[in-house]
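Good morning, and thank you for making time for this presentation. Please have the sequence and the structure in view while I speak.

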Amino acid sequence: MASQSEEVQKVTRRNLLKGLGAGVVVGAVAVAGVEEMVRIPALPSGQTGTVTNTVTNTTTTTVTAGTASAVPVLSKVITLTVNDVPQTMLVPSNWTLLEVLREQLHLFSVKQGCDTGACGTCTIIIDGKAINSCQILAVEAEGKKIVTLEGIGGDYGKNLHPLQQAWMTYQGTQCGYCAPGFIMAAKALLDAKPHPTTDEIREALSGNICICGNYKKTYQAVASVGGA
Ligand code: FES
Ligand code: FES
C-alpha cells in the first residue's frame, strides 16, 4: 500500500477532472505565477499528511486535516509576515487565519472560542487593526502584516509587553482564556491612540467577551498603560 507522501503526485488538468470524479482531494498550488495541480490524499479528520510542492520540487509542506476534510479542498501558497517573520506556506483555501496560525505556525495564543466573530478571543492585529482571525480566510491575508501575542513583548515572547505586565499587576486574568484577545485589542487601541478615555477603552474592547466577568480589572490594566 502506497504511503501518503507517495500518493502525492502531479496531475494534469485532465487527470484532475478524472480525480475529482473519483472523489480524490485535490490542491491547486500557485508559485511565482505558475499554477500546478497536486493531489493531496484524503485525510480523516485530525490526521496529518505531507504534500510535495511539485513546482519547485524542493519543498515539503505538512497539512493537517481539518474537521471536515473528507471533501475536496483547494490549497494555495501564500506569503504573510507574522510577528516580523516572513512566512510562505501551503494553506487549504477554506481554512481560516485562526486555523493556520494555530495548526501550521503553532501560535497557540490565538484562541478559538465561538468561531463566529462574537467572542473576540481569537483577536490578532492585521496591518494595525484588531481583527477576529476566525472571520478571515488565510488566503485573504496574503501579503498582510500580522501580529499575535507572541510577537508583542520583544525577543519573541521573552520580554513582556507593558500590557502583559499590567494584566499581571491588575489581575486581568482569572481563567485567562480571553486574555490574549483582550490584550491584542488593547494594543491596537493604544497603538492608534496612546491615551484613550475610559469610554474609548470600553468601546475598543466591546467585541471581547470574558466568561469569568473580569471586565473591571481588564479596563484598569489598559488604563494603567495608556489611560487619559
Ligand atoms: S473565536 Fe473568533 S470571535 Fe470567537
Ligand atoms: S478570565 Fe476567564 S474568560 Fe476572561
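Predicted model: local features only at pLDDT ≥ 70, side-chain atom pairs only at ≥ 80, totals over all residues.

Is aspartate 127 buried or exposed? Aspartate 127 has 12 C-beta neighbours inside 10 Å, and therefore counts as exposed.

Now the overall picture. The protein chain holds seven helices and nine strands. Its length is 228 residues, of which 36% count as buried. Among the contacts in the protein chain with a separation of 6 or more, 55% are between residues 24 or more positions apart.

In what order do the five strands of the open sheet stand? The order is E6-E5-E9-E7-E8, with mixed pairing. Strands E6, residues 85–92, and E8, residues 129–132, each have a single partner strand and stand at the edges, so one side of each has no neighbour in the sheet. From one strand to the next, the twist averages 40°.

Strand E5, residues 75–82, runs antiparallel to E6, and eight bridges join the two. Within this pair, valine 77 stands opposite leucine 90 in E6, and isoleucine 78 has methionine 89 as its bridge partner in E6. E5 and E6 form a hairpin with two residues between them. Asparagine 83, in that turn, has a positive phi of about 50°.

On to the next pairing. E5 and E9 pair in the parallel sense, over two bridges. Here threonine 81 has lysine 145 as its bridge partner in E9. E9, residues 145–147, then pairs with E7, residues 123–126, in the antiparallel sense, again over two bridges. In this pair, isoleucine 125 stands opposite valine 147 in E9. Helix H5 packs on the sheet, where it touches E7 and E8, and its direction makes about 30° with that of E7.

Glutamate 150 counts as partly exposed, because it has 18 C-beta neighbours inside 10 Å. Its C-alpha atom is separated by 9.6 Å from that of leucine 160, which is 10 residues away along the chain.

Helix H4 comes next. Which residues of H4 are buried? In this helix, residues 162–169, they are Leu163, Gln164, Ala166 and Trp167. These residues cover an arc of only 160° around the axis, and therefore lie on the same side of H4. The cover over them includes helix H5, residues 179–192, and helix H7, residues 215–226.

H4 is followed by glutamine 171, which lies in the loop between H4 and H5. Glutamine 171 has a positive phi of about 55°, although it is not a glycine. With 12 C-beta neighbours inside 10 Å, glutamine 171 therefore counts as exposed.

I close with the interior. In soluble globular proteins, nonpolar side chains tend to be buried together. In this model, the largest nonpolar core has 45 residues, and those that touch the most other members are Ile183, Met184, Ala185 and Ala186. H5 supplies the largest share of this core, nine residues. What does isoleucine 183 touch, leaving aside residues up to four places away in sequence? Its contacts are Leu149, Leu163, Gln164 and Trp167. Among these, Leu163, Gln164 and Trp167 are buried residues of H4.

Thank you for your attention.

Note on methods
Residues numbered from 1 in each chain as written. Chains lettered and ligands numbered in written order. Buried ≥ 20, exposed ≤ 12 C-beta atoms within 10 Å, placed from the backbone. Helix = DSSP H or I, 4+ residues; strand = E, 2+ residues; numbered from the N terminus. Arc of directions from axis to C-beta. Contact = placed C-beta atoms within 7 Å. Core = buried A, V, L, I, M, F, W, Y, C linked by C-beta atoms within 7 Å. Pairing = 2+ DSSP bridges. Axes fitted to C-alpha atoms, helices over the stretch in contact; angles between N-to-C directions.
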